[in-house]
Amino acid sequence: MIPRYARPAMTDIWEPATKFRIWYEIEAHACDAMADIGVIPRENADAVWKAKDVEFDVARIDEIEAVTKHDVIAFLTHLAEHVGSDEARFVHQGMTSSDVLDTCFNVQLVRAADLLITDMDALLAALKKRAMEHKMTVRVGRSHGIHAEPTTMGLTFARFYAEMDRNLARLKLAREEVATGAISGAVGTFANIDPAVEEHVCAKLGLSPEPISTQVIPRDRHAMFFATLGVIASSIENVATEIRHMQRTEVLEGAEFFSMGQKGSSAMPHKKNPVLTENLTGLARLVRMTVIPAMENVALWHERDISHSSVERGIGPDATVTLDFALNRLTGVIDKMLIFPDNMLDNMNKFPGLVMSQRVLLALTQAGTSREDAYAMVQRNALKVWEERTDFREELLADKDVVAALGVDAINENFNLDYHTKHVDTIFNRVFG
């Protein structure tokens, strides 16, 4: 991923030096396990650890690979340069390249998931803080982009919290599912390496042994992992889209923080554009575009092919680095977001009282009017408000049929905003406990 949308802790996971360090640990732990069961001499296994503080030379490995055309062999050759050819002769004993590559990839995905889980925790904290802060800040709810009925800004933040909390649970499951390793040798039969080696290596790396690996770890695990990242990205876009709508000039119920010295437009000095949430919408697309290739990687030939390999070299870093950046950016947006309660009330009263139409409809039916007649009575008055910008309550009070059915006091009672917030506490208890 380009540096503009990357943070160091996540990019470090995908650096070649990190990859080669993991490869080394896999090989060294495997040698230990093989020595423990008497397959190789203990002194050879110990000799491999001479390289434990070595900073592997990425350029040198690339130089060797230019000749061998094989990345794992290039690494093993470089490792022998540090350990000694004789001492290193049992390294990779009975193993195949996928044992190293797949186990390493899953270690990287697990480490990336851990960072993403931390990101999610921070985002949830920000959403909860703003939800509590604006629990009873009334704003109009919209369906199809049109005024519907009153809700609260706190409920808006709460629903995003609940969505992200579900995503956190999904991410933890995806981490668990991808946290497997395989040291099973060619075609995964353990013919040339004892299963105890796999168990030892996985324990050292914080993984579980893959039950059956057919030389490669099954890619349905990875498809699920990247699908989960795609769902999280879609939720980020969901939040970002709402904020972008709120910041529109004719709405302006909320807005991204605009810092001192920030410029909104190169041409129009008055502009305050929702650039961060627009950026998040774009980043969400980048994460989601990794999902289909991950799913297509599931179908491999027989026990193994490498059609998935080139895909994963790209989507592994791209998806995790981008999502890490996006979650961090969204947390900052939520934490600093400006909220305008007065504008919320002004917007709701743009067509005075109109958002109470359903309550009046229900009151009429409860008073004995048929639903069809009640709907017609309410709608004819509502349409006047739409067309003439009059006051809905005044129209109802001037309608002899409505007054006859309800009475003046009952009509007035239907315009109390508290009616729409009476169960906010119940919803909050469901979301936050």
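The chain contains 19 helices and six strands, where helices (H or I, at least four residues) and strands (E, at least two) are DSSP runs numbered from the N terminus. The model is predicted, so that local features need pLDDT of at least 70 and side-chain atom pairs count only at pLDDT 80 or more, whereas totals for chains, interfaces and linings use all residues. Residues are numbered from 1 along each chain as its sequence is written, and side-chain values use heavy atoms, with hydrogens and water left out.

Along the principal axes, the C-alpha atoms fill a box of roughly 100 × 50 × 35 Å. Of the 433 residues, 49% are buried (under 20% relative accessible area, with exposed being over 50% and partly exposed in between; 1.4 Å probe, protein chains only).

According to the unreviewed UniProt entry, residues 352-432 carry the annotation "domain: Adenylosuccinate lyase C-terminal"; such annotations may be inferred rather than shown by experiment. This stretch is 69% helix and 0% strand, and its end C-alpha atoms lie 34 Å apart.

Val-378 lies in helix H15, which spans residues 371-388. Val-378 counts as buried because its relative accessibility is 6%. Leaving aside residues up to four places away in sequence, Val-378 touches Ser-357, Val-360, Leu-361, Leu-364 and Phe-392, a contact being heavy atoms within 4.5 Å. The C-alpha atoms of Val-378 and Gly-188 are 72 Å apart, at a sequence separation of 190 residues.
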